[in-house]
Amino acid sequence: MTAAQEIPAPDPVLRRDRLDYTPTSRSVSLCRHRAARLVAQWGHPELACDTALLVSELATNALLHGSLRGRLFRVELTLTAVTLRIAVSDPRGERLPGLRAAADDECYGRGLVIVAQLADDWGVEPRAVGKTVYAELSVRRPAPDMAMGPHVLRAGPPVTRTAGAVRPR
């Protein structure tokens with residue numbers, strides 16, 4: 001067996017979206033909303049909230065730690081049959097992110113901990129200029145016998161019948 005036969009081919013890309021943003025706080029909100037909307041439109045509404053949170057954390061890190069005046073940051077979503085990849089690229093390749101324990105009184109320092117807990121995989125890739133920080137979510141398809149549709153959760157006591165109602169036997 002040759003080396004080319006041992007390496008599995010990557011999953012084909014089903015959907016891709018890429019957009020550059022100015023390094024402002026408003027851009028974080030814009031890319032978060034766009035990502036959640038696109039993932040839902042692509043047929044995975046169950047991933048929309050997690051996607052929004054991951055995009056928000058990665059874009060905020062790009063804004064705070066990876067931005068340079070006059071340079072944009074990029075958010076790219078890539079959907080395959082098994083994975084949704086969220087990638088945020090910025091121009092500061094020398095500032096690599098890392099997990100750290102934030103003190104109780106610190107306002108910052110928890111973003112990558114959230115990413116690590118929520119994503120199935122995450123990491124950093126160097127670029128010619130800058131870096132890309134990515135997070136991946138597994139695309140889980142429901143089993144064919146699994147009930148589909150909205151689930152109704154009711155709070156409170158079970159529904160009771162009113163006095164005088166006739167119960168069929």
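A salt bridge here is a side-chain nitrogen of Lys or Arg within 4 Å of a carboxyl oxygen of Asp or Glu. The model is predicted: local features need pLDDT of at least 70, side-chain atom pairs count only at pLDDT 80 or more, and totals for chains, interfaces and linings use all residues. Residues are numbered from 1 along each chain as its sequence is written, and side-chain values use heavy atoms, with hydrogens and water left out.

**View 1. Salt bridge between E94 and R92.** The closest N and O atoms of this pair are 2.6 Å apart. Relative accessible area sorts residues into buried (under 20%), exposed (over 50%) and partly exposed (in between), using a 1.4 Å probe and protein chains only. E94 is exposed, at 56%. R92 is buried, at 19%. Elsewhere, salt bridges with shared partners join R85, E125 and E136 into one network. The count of salt bridges comes to 7.

**View 2. The fold as a whole.** The protein chain holds 4 helices and 5 strands. These are DSSP runs numbered from the N terminus: helices are H or I with at least four residues, strands are E with at least two. From the N terminus on, the order is α-β-α-α-β-β-α-β-β. Buried residues make up 31% of the 169 residues. A contact means heavy atoms within 4.5 Å. Of the contacts with a separation of 6 or more, 65% are between residues 24 or more positions apart.

**View 3. The largest nonpolar core, with 28 residues.** A nonpolar core is a set of buried Ala, Val, Leu, Ile, Met, Phe, Trp, Tyr and Cys residues joined through side-chain atoms within 4.5 Å. L58, F73, L77, L84 and I86 have the most contacts inside this core. Two or more residues come from each of α2 (25–41), α3 (48–65), β2 (73–79), β3 (83–90), α4 (111–118) and β5 (131–138). The most come from α3, which gives 6 residues.

**View 4. Helix α3 and its cover.** This helix has 18 residues. From first C-alpha to last, α3 reaches 25 Å, close to the 26 Å expected at 1.5 Å a residue. That expected span is 1.5 Å times one less than the number of residues. Buried positions in α3 are A48, T51, A52, L54, V55, S56, E57, L58, A59, A62 and L63. Their cover includes α2, β2, β3, α4 and β5.

**View 5. The stacked aromatic pair of Y21 and F73.** Rings of Phe, Tyr and Trp (its six-membered ring) pair if their centres lie within 6.5 Å; planes under 30 degrees apart count as stacked, over 60 as edge-to-face and the rest as tilted. The whole structure has 1 aromatic pair. Its members, Y21 and F73, are 5.8 Å apart centre to centre, with 25 degrees between the planes. Y21 lies in strand β1 and F73 in strand β2, so the pair ties together parts 52 residues apart in sequence. Y21 is buried at 7% relative accessible area. F73 is buried at 3%. Leaving aside neighbours within four places in sequence, the contacts of F73 include L19, D20, Y21, C31, A59, A62 and V88.

**View 6. Salt bridge between D20 and R74.** The closest N and O atoms are 2.7 Å apart. D20 lies in strand β1 (residues 15–21) and R74 in strand β2, so this pair ties together parts 54 residues apart in sequence. Both ends are partly exposed: D20 at 35% relative accessibility, R74 at 25%.

**View 7. Salt bridge between D90 and K131.** The N to O distance is 2.8 Å. D90 sits in strand β3 and K131 in strand β5, 41 residues apart, so the view spans distant parts of the chain. D90 and K131 are buried.

**View 8. R85 over the face of Y134.** A charge sits over a ring if NZ of Lys or CZ of Arg is within 6 Å of the ring centre and within 35 degrees of the ring normal. R85 lies 4.3 Å from the ring centre of Y134. Y134 belongs to strand β5 and is buried, with a relative accessible area of 13%. Leaving aside neighbours within four places in sequence, Y134 is in contact with L58, R85, I86, A87, D121, W122, G123, V124 and E125.
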